[in-house]
Amino acid sequence: MALTGLDIYKLLPKTNCKECGNPTCLAFAMALAASKTSLDKCPHVSEQAKETLGGASAPPIKLVKVGKSGYERELGDEVVLFRHDKAFFHPTCIAIEISDMLSGTELEAKVEKVNALAFERVGQTVSIDMIAVRNDSGNPDTFANAVKAVADKTCFATVLISEDPAAMEKGLAVIGSSKPLIYAATEANYEKIVELAKKYDCPLAVKGEGLDATAALVEKVAASYKELVIDIGTRNLSQALAEMTQIRRLAIKKRFRPLGYPVIAFTASDNPRDEIMEASVYITKYASVVVMKADEKSQILPLTALRMNIYTDPQKPSQVEPKVYQIGAVTKDSPVYVTTNFSLTYYTVEGEISGSKIPSYIIACPTDGTSVLTAWAAGKFNGEKIAEFLKACGIEDMVSHRNIVIPGYVAVIKGALEEKSGWKVTVGPAEASGLPAFAKAHFA
Amino acid sequence: MPVQVLKERNSSKVTSITLGATKEQGGTRTGTITVGGEASLPFLHFEGEMPNKPVIAMEVVDRVPEEWNEELKAAFEGVMDSPAAWAKKSVEEFGADMIFLKLQSADPELGNSSPEKCIETVKSVLAAVGVPLAVVGCGIDEVDNKVIAAVAEACAGENLLLGFATQENYNTIVAACMVHKHTVIAQSPLDINICKQLNILISEMGLPLDKIIIDPSIGGLGYGIEYAYSIGERGRIGTLQGDKMLALPTLGTIGFEAWKAKEANVGIDEFPGWGEQAERGILWEAVTASALLQSGLDILVMRHPEAVKLVRKNIGDLMVPNSL
């Protein structure tokens with residue numbers, strides 16, 4: 001639970017020595033409670049107070065790292081319940097499960113398929129993050145072989161799924177240096193599994209059954225090892241949503257330490273489409289890792305898009321680089337469209353233009369990532385500014401004509417733009433969805 | 001140590017609104033639908049009741065939407081030239097809770113249908129299905145003011161859900177709803193302040209708040225869904241804290257937004273890296289719905305029957321009571 005200024009004051013030397021820069025110890029305590037200063041400013045604080053207060057000032061949800069360097073993923077360290085309060089920082093990792101019942105070429109083919117779950121979309125490359133190997137066989141050697149086959153073929157971080165310490169030990173012997181996530185310590189096996197986690201210095205998932213049991217088990221484990229991820233063990237979607245919301249709430253609002261760790265979720269359905277639906281709930285509501293079996297590109301792409309959207313910073317409009325974009329096999333006669341560099345606007349326009357199947361240029365003007373009307377209202381998307389960028393962006397050398405299409409919402413700038421640039425301006429549709437019909441009518 | 005569960009004590013809840021009217025109530029529907037009433041964030045049954053499940057309204061258009069994706073059109077093959085048959089199939093075969101009828105052919109460029117023709121279409125759909133009906137115009141204010149007013153009068157007492165009232169154009173449609181006993185869709189452009197302002201303007205005209213459904217506008221998956229998601233959350237939080245002018249059920253045109261995305265439409269031949277199109281399109285729509293269910297949407301306007309099926313199961317799973 002978060003400490004109040006008075007709680008902190010009780011632990012300070014109460015000498016009012018002023019060496020911390022505050023007039024009194026109480027003032028210092030108040031500043032600490034408000035996270036406006038740090039404990040190391042006090043030269044006289046006792047070791048015991050440091051331990052108690054250090055814990056209280058740690059982030060509400062621990063940052064845990066999984067995977068070898070270069071392919072490492074960071075989990076947790078979130079500070080809000082709602083993205084509009086600040087932002088979500090560490091996107092949910094998507095982990096695809098592989099059974100150790102597969103072997104030989106079958107296993108190789110499966111790893112290759114999962115490895116290929118990377119996508120180019122809206123100018124970015126996104127992919128899954130982890131491969132989870134599950135010890136379905138119950139045999140430690142079979143598990144180790146499967147782990148090795150996966151480790152040989154993938155750069156993704158791995159999750160080792162087995163509650164059998166013997167199997168886990170064999171798996172870690174193969175891949176322990178790449179920081180896999182060990183899944184899982186349970187009430188039955190935690191002493192042995194924690195020893196393995198310490199030995200290999202790997203993050204460890206603690207699996208309980210419901211909130212109370214999980215918190216109790218985490219407390220036992222955390223007494224000696226703190227690189228933890230939580231699984232509440234609940235697979236019923238509604239109950240899991242309630243519990244995962246509660247975990248985030250207790251961690252952030254109450255600084256409840258036993259639940260202040262990233263959370264891992266598993267889809268329960270055997271139907272890949274239903275798994276995607278479950279996973280979409282876990283991406284919006286607080287999972288740091290979601291493990292699933294669905295492995296088709298067509299199924300994973302929508303999830304990566306959702307994750308990207310939910311984890312964008314609401315305070316920072318996403319932008320594309322202001323420049324000329326070539327859509328399709330353009331020539332010197334291809335039409336030229338102009339829009340803003342707000343990525344949402346740009347990619348909506350780009351989608352429609354490429355859908356029109358008529359090779360075209362799109363000029364994304366520098367508008368600081370604002371949309372057409374906002375940019376126009378702010379004077380960033382008027383005749384003068386667009387004319388300047390027409391000169392600067394190099395389009396004059398790319399096409400032999402001087403015709404440009406502007407968004408319908410800024411029809412009023414037509415005159416000024418023609419005058420300043422010398423280009424002939426055509427007013428396009430107000431909504432991007434009108435572009436294919438417009439393109440067909442004007443340029444086909 | 002047992003966990004001290006933290007429950008929010010919410011002071012207020014979403015207004016419950018009933019759509020459609022049975023014979024006894026002055027309409028012809030075989031059943032009505034009630035939406036809203038939530039006293040917590042979405043599906044957190046442990047701290048507030050959620051008396052009504054979110055519902056799926058399937059979209060029907062009064063002209064053949066040639067521009068729709070082939071995959072979508074295939075699902076409605078043989079019925080797209082008849083709104084009544086299309087609606088009937090949507091309800092009987094695909095389990096739609098409601099029908100969302102778009103009178104697009106009123107657009108001078110898409111058929112220029114007269115108000116009389118539009119009334120005929122609405123009546124044919126009312127005759128074909130027993131579920132409540134939402135009816136919206138073609139999106140051109142002058143046309144819609146004539147068409148929707150005429151439909152409101154011709155279907156007086158049905159408690160249709162009529163749209164769209166916007167900040168620029170709400171008088172005619174709101175008056176029609178008041179006089180002929182319908183419910184209105186108040187549409188705002190992804191802006192919670194305009195959303196609230198419009199509800200104030202409409203209720204100042206005399207339409208009670210329990211006759212207003214909010215369409216806050218949404219972005220589809222990949223194209224601005226996060227704005228809609230956060231506006232949904234902010235609206236629900238405001239509602240729970242007692243803001244009456246936000247405390248209304250919400251509607252989102254999921255199918256329309258999702259199927260605008262390139263990712264839902266392009267073939268695997270063009271984008272081999274994105275996988276098979278049919279599956280991708282269906283999930284693009286279903287995940288758009290799923291995310292917005294998590295931010296509090298009450299009425300989901302959808303297109304693809306397979307996406308509808310997935311979302312119905314998702315709603316069912318999430319309506320299972322949870323407790324802490």
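A polar contact is a pair of N or O atoms within 3.5 Å; within protein, one must be able to donate a hydrogen and the other to accept it, and residues adjacent in sequence count only if both atoms are side-chain atoms. Keep that rule handy for the exercises. The model is predicted, so local features need pLDDT of at least 70 and side-chain atom pairs count only at pLDDT 80 or more, while totals for chains, interfaces and linings use all residues. Residues are numbered from 1 along each chain as its sequence is written, chains are lettered from A in the order in which they are written, and side-chain values use heavy atoms, with hydrogens and water left out.

**Exercise 1. Work out how much area chain A and chain B bury between them.**

Step 1: take contact as heavy atoms within 4.5 Å. By that rule, 55 residues of chain A touch 58 residues of chain B.

Step 2: turn to buried area, the accessible area (1.4 Å probe) that two parts lose on being put together, summed over both. Here that's about 4,900 Å², with 62% of it on carbon and sulfur atoms.

Step 3: in chain A, the residues losing the most area to chain B are A:R249, A:R273 and A:M277, together 14% of what that side buries.

**Exercise 2. Count the salt bridges and polar contacts across the interface of chain A and chain B.**

Step 1: look for a side-chain nitrogen of Lys or Arg within 4 Å of a carboxyl oxygen of Asp or Glu. That rule turns up eight salt bridges across the interface. One of the salt bridges in the model joins B:E8 to A:R249, with the closest N and O atoms 3.9 Å apart.

Step 2: apply the opening rule. You get 20 residue pairs in polar contact, both residues at pLDDT 80 or more.

Step 3: sort the side of chain A that touches chain B: 24 residues are nonpolar (Ala, Val, Leu, Ile, Met, Phe, Trp, Tyr, Cys and Pro), 16 charged (Asp, Glu, Lys and Arg) and 15 polar (the others, Gly among them).

**Exercise 3. Classify the ring pair A:Y346 and A:Y347, then B:F76 and B:W86.**

Step 1: rings of Phe, Tyr and Trp (its six-membered ring) pair if their centres lie within 6.5 Å; planes under 30 degrees apart count as stacked, over 60 as edge-to-face and the rest as tilted. The whole structure has 13 aromatic pairs over all chains.

Step 2: A:Y346 and A:Y347 have ring centres 5.0 Å apart and planes at 80 degrees, so they're edge-to-face.

Step 3: B:F76 and B:W86 sit 5.4 Å centre to centre with 45 degrees between the planes, a tilted pair.
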